[in-house]
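Biologist: I would like to go through this fold term by term. Please set each label against its definition.

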Amino acid sequence: MKKWLHALAGPVGDALPVRLGATRRAATGSVPTPVLGFDQALVWVTVALLAWGLVMVYSASIAMPENPRFARYTNSYFLVRHALWLVMAFVAALLAYQVPMRMWEKSAGWLFVLSLVLLALVLIPHVGKVVYGARRWIALGPLSFQPSELAKFTVLLYAADYMVRKMDVKEHFFRAVAPMGVAVAVVGVLLLAEPDMGAFMVIAVIAMGILFLGGVNARMFFLIATVLLGAFMMMIAFNDYRRARIFAYLDPWSEENALAKGYQLTHSLIAVGRGEVFGVGLGGSVEKLHWLPEAHTDFLLAVIGEEFGLVGVVLVIGLFLWLTRRMMHIGRQAIALDRVFAGLVAQGVGIWVGFQAFINIGVNLGALPTKGLTLPLMSYGGSAILVNLVALAVVLRVDHENRQLMHGGRV
């Protein structure tokens, strides 16, 4: 009986139309799995990042009311709002976890259309909220929602569903890749009108990653990558503000840049340098005292580096590496069980979280040009926290359904 089952499993595993890496995954079902219906380690690493982020948001924002711009706020203003968003995000994640993956697959197209509508609405005067010259938020009473965060998730779902539907024509560029390219281009036009080039970069990488993992051949992949790279270079070359940021990144300490476009980067590097190996201690950061702008959002890692030192930065990097690797593994496991959509979604979330964390960490450490992207799960930003937790809940749902199938159940 066992020989007969293995004979059946071999060809099916070999015929899977997606990339699984070097490891043979056909025998995944024979690997012992815990009785629990979800990945406990994934949950606890996520909780650790959320809890550490909450503490650091409070530490980085506690002195902000001393600045005249934030005089109307209390010391705990950002802490309370961040905690409120965490509660809402937790409830949304619990609800998302209850939704079977087949329902996400059926609604992927409609969710993508919804995100396009919201991205268009945010550009309408008196609907979209302007902050620092960018129109990226929709006011919802005392809270604000950022449609670009939802777009990251819906593009991910749409790309995974698209690759499943186009699996039989994936070798034909215009039939398989071009329509997805048009969809990403439409999202890009709306995002660049806000402007939000950082979100567009993340969405483009998510879409490219899913196309590659879905089986698009290497020549097409490198063609897409070349086109996108050329497009981003043109966006920088023909925009004075973006070009100035690149030059500031190349020489942030010059007299011209140190107090202008390179100001955030220089103070981020000062903060990390002050932390040395073990940091100055929780709450002891000097740079957060009105020297480092956006210390509670885009540059939260710099405050972590100052207060927890090299040890803290390495720990953050390690947690995100583990989180990304675990989600990619769950995705490969789903694909080995012939659940291609679920697998691509899980791997897409891994690409999203890993790439955005990589960009944010690189910016804070001066390895990449300054870009307005938050550190997932940790930085202040309600929309990002909510959508990130919903996406992680979907990954947990994929893992739960994988376990059901491997124990002989149905999904």
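The talk below takes up helix packing, then the sheet, then some loop residues.

Modeller: This is a predicted model, in which local features need pLDDT of at least 70, side-chain atom pairs count only at pLDDT 80 or more, and totals for chains, interfaces and linings use all residues. Residues are numbered from 1 along each chain as its sequence is written, and side-chain values use heavy atoms, with hydrogens and water left out.

Biologist: Why are α3 and α14 called roughly parallel?

Modeller: Helix α3 (residues 77-97) and helix α14 (residues 382-406) have axes that cross at roughly 30° and come within 8 Å. Axes are lines fitted to C-alpha atoms, for helices over the stretch in contact, and angles run from 0 to 180 degrees between N-to-C directions. Angles under 35 degrees count as roughly parallel, over 145 as roughly antiparallel, 65 to 115 as roughly perpendicular and the rest as oblique. Therefore α3 and α14 are roughly parallel to each other. Helices here are DSSP runs of H or I with at least four residues, strands are runs of E with at least two, and both are numbered from the N terminus.

Biologist: Which residues make the contact?

Modeller: On α3 they include W85, L86 and F90, and on α14 they include L386, L389 and R397. Contact means heavy atoms within 4.5 Å. By class, the residues of this contact are 14 nonpolar, four polar and one charged. Ala, Val, Leu, Ile, Met, Phe, Trp, Tyr, Cys and Pro count as nonpolar, Asp, Glu, Lys and Arg as charged, and the others, Gly among them, as polar.

Biologist: What makes α4 roughly perpendicular to α13?

Modeller: The axes of α4 (residues 101-121) and α13 (residues 340-364) cross at roughly 80° and come within 10 Å. That angle makes α4 roughly perpendicular to α13. M101, W104 and E105 of α4 meet F341, A342 and V345 of α13. This contact has five nonpolar, no polar and one charged residues.

Biologist: How do you know that β1 and β2 pair?

Modeller: Two strands pair if DSSP finds at least two bridges between them. Four bridges join β1 (residues 128-131) to β2 (residues 134-140), so the pairing holds, and the strands run antiparallel. K129 has W137 in β2 as its bridge partner. Three bridges join β2 to β3, also antiparallel. There A139 stands opposite S144.

Biologist: Why do β1 and β3 stand at the edges?

Modeller: The open sheet has three strands in the order β1-β2-β3. β1 and β3 (143-145) each have a single partner strand, so one side of each is left without a neighbour in the sheet. Neighbouring strands are turned by 55° against each other on average, direction ignored.

Biologist: What makes the link between S254 and N257 a polar contact?

Modeller: A polar contact is a pair of N or O atoms within 3.5 Å; within protein, one must be able to donate a hydrogen and the other to accept it, and residues adjacent in sequence count only if both atoms are side-chain atoms. The side chains of S254 and N257 are joined at 3.1 Å, so the pair qualifies. S254 lies in the loop between α9 (240-250) and α10 (255-258).

Biologist: Which peptide bond is cis?

Modeller: The one joining E194 and P195, with omega about -5°. P195 sits in the loop between α6 (173-192) and α7 (197-213).
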